[in-house]
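Dear colleague,

Please find below the structure that I am handing over to you, followed by an account of what was found in it.

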Amino acid sequence: MKNFAPRWLVILPLLVLYSISARPWIHSQTGESGSGMPGLDKLPTVKELPDPFLMNNGKRVRDKADWAKRREEIQAMVLYYEYGHLAPAPANLAATEISSKEIEQLNATERQLLLTMGPADNLRFHLILTIPAGTGPFPVVVKGDLCWGRVAPAMVAAAVKRGYVVAEFDRTELAPDSADRTRGVFPSYQEVDWTVLGAWAWGFHRTVDYLMTQSFVDPRRIAITGHSRGGKAALLAGALDERIALTAPNGSGFGGAGSYRVLGEKCEDMAAITNRFPYWFQPRLREFVGHVDQLPFDQHSLKALVAPRAQLSTEGLGDLWANPIGTQVTYVAARQVYEFLGAGSRIGIHFREGEHSQNEQDWRALLDFADLQFFGKKVDTRFDRLAFPDAPKAFTWTAP
Ligand code: GTR
């Protein structure tokens, strides 16, 4: 007994060190300690869209190796200030088929699956696949908005006709769209500071885990999409997971593809979104109400994390709340990163007339963009047309 104290003096610090280094994705909700991230009082005001090439050490990115480091820095900031962290991939993902039926008029099979995973196999969500006839491997479009209903039959048919699998899941099975943290992923990973948007993004990642194991799936051609809050989740998912070949948020606006700093008329802003939907974000984001120009990034930075993989923003010009002009601005700025990486044609934007929805025009644009990016097909749709050619330039930096 008498010799225990000195031994603990050695073991305790080792345990503490281990728990910090082995779980880098875990931060406490409120504490700044250990994160290395400055609080609001230490963050400088940057009126323009922050330079994505400016590294934390004050030097600018010079080559691709520097960009790889800078990408990690941006990712760390975005998770810390904006979306919270995500749990690591579980090793025990399993799929059970619930039903399978032929859809004759589509020449496709519809399969309903239950995916289970997590610490006690107690996390589960459903996946509905519409798979073209044949052996594939097929490209896939994943959408997580089943909570709002199925993708319209004509849109599923259009995708299947072009040889795409449509995979649909209900993101609210991963986290309810509310402040309720007693359901979904939260009880199983209480040490993770994740948010509803993070949990939804995690649902995309787990869907990709499953798809990658299926022989009918082309693992190098997986696209993800979502509308509005579902688009915010899709953009976050695509930013964090390099297996996702094409990321296509639709009308995702504030907290998605829309800028925080550049706001068009009648659009959502930091106060509005963090008041109504605080649980979508890390609570720290709220501190930036009235101080958005102290955010060390803007949403072009999130888009830049997707580079050089393909990404498309689809926008309704009448969807003012979702800030179409602010989405154009992030496209123009993120394009600098794509061009720096020699992938300028991999980022696109598409505007249409009309309001807040992911309609057939948006879907056609997505499929055209996927055909172009995945197969080099010639398509008529343009993905570099600015709806607001006279919009003021939102940044003065250029790619190195
Ligand atoms: C709105 C919200 C937007 C957008 C939209 C939606 O009420 O303010 O950020 O996400 O909901 O998801 O349809």
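I begin with the strand pairing. T247 has Q311 in β8 as its bridge partner, and 3 bridges join β7 to β8, the two strands running parallel. Please note that the model is a predicted one.

Strand β8, residues 310–316, is mostly covered, with 7 of its 7 residues buried. Its side chains divide between two directions: A310, L312, T314 and G316 point one way, while Q311, S313 and E315 point the other way, and all are buried. Strand β9 (residues 347–352) runs parallel to β8 and is joined to it by 6 bridges. Within this pairing, S313 stands opposite I349 in β9.

Strand β7 covers residues 246–250 and runs parallel to β6, with 5 bridges between them; here G226 stands opposite P249 in β7. Strand β6 (residues 217–227) is mostly covered as well, since 9 of its 11 residues are buried. Strand β4, residues 138–143, is parallel to β6 and joined to it by 5 bridges, with K143 opposite T225 in β6. A right-handed β-α-β unit is formed by β6, α5 and β7.

Helix α5 includes G230. Is G230 buried or exposed? Its relative accessible area is 0%, so G230 is buried. G230 and H300 are 70 residues apart in sequence, and their C-alpha atoms are 18 Å apart in space.

The ligand site may be of particular interest to you. The residues around the ligand are W148, S228, R229, K232, E268, I273, R276, F277, W280, W321 and H356. By class, this shell has 5 nonpolar, 2 polar and 4 charged residues. Which distances separate polar side-chain atoms from ligand oxygen atoms at E268 and R229? For E268, a polar side-chain atom lies 2.4 Å from an oxygen atom of the ligand; for R229, the corresponding distance is 2.5 Å. On its own the ligand has 320 Å² of accessible area, of which the protein covers 87%. The elements that give two or more residues to the shell are α5 (229–240) and α6 (270–276).

The peptide bond joining G136 and P137 is cis, with omega about 0°, and P137 lies in the loop between β3 (123–132) and β4. The bond from A307 to P308 is likewise cis, with omega near 0°; P308 is in the loop between α7 (299–306) and β8.

Positive phi values occur as well. N107, which is not a glycine, has phi near 55° and is found in the loop between β1 (94–103) and β2 (108–117). N107 counts as exposed because its relative accessibility is 53%, and the cut-off for this class is over 50%. D121, also not a glycine, has a positive phi of about 55° and belongs to the loop between β2 and β3. With a relative accessible area of 39%, D121 is partly exposed.

Yours sincerely

Definitions and conventions: Residues are numbered from 1 along each chain as its sequence is written. This is a predicted model: local features need pLDDT of at least 70, side-chain atom pairs count only at pLDDT 80 or more; totals for chains, interfaces and linings use all residues. Side-chain values use heavy atoms; hydrogens and water are left out. A residue is near a molecule or strand if one of its heavy atoms lies within 4 Å of it. A polar contact is a pair of N or O atoms within 3.5 Å; within protein, one must be able to donate a hydrogen and the other to accept it, and residues adjacent in sequence count only if both atoms are side-chain atoms. Accessible areas come from the Shrake-Rupley method with a 1.4 Å probe; for residues, only the protein chains shown count as cover. Helices (H or I, at least four residues) and strands (E, at least two) are DSSP runs, numbered from the N terminus. Ala, Val, Leu, Ile, Met, Phe, Trp, Tyr, Cys and Pro count as nonpolar, Asp, Glu, Lys and Arg as charged, and the others, Gly among them, as polar. Buried means under 20% relative accessible area, exposed over 50%, partly exposed in between (1.4 Å probe, protein chains only). Two strands pair if DSSP finds at least two bridges between them. A crossover is right-handed if, with the strands pointing away from the viewer, the path from the first strand over the helix to the second runs clockwise.
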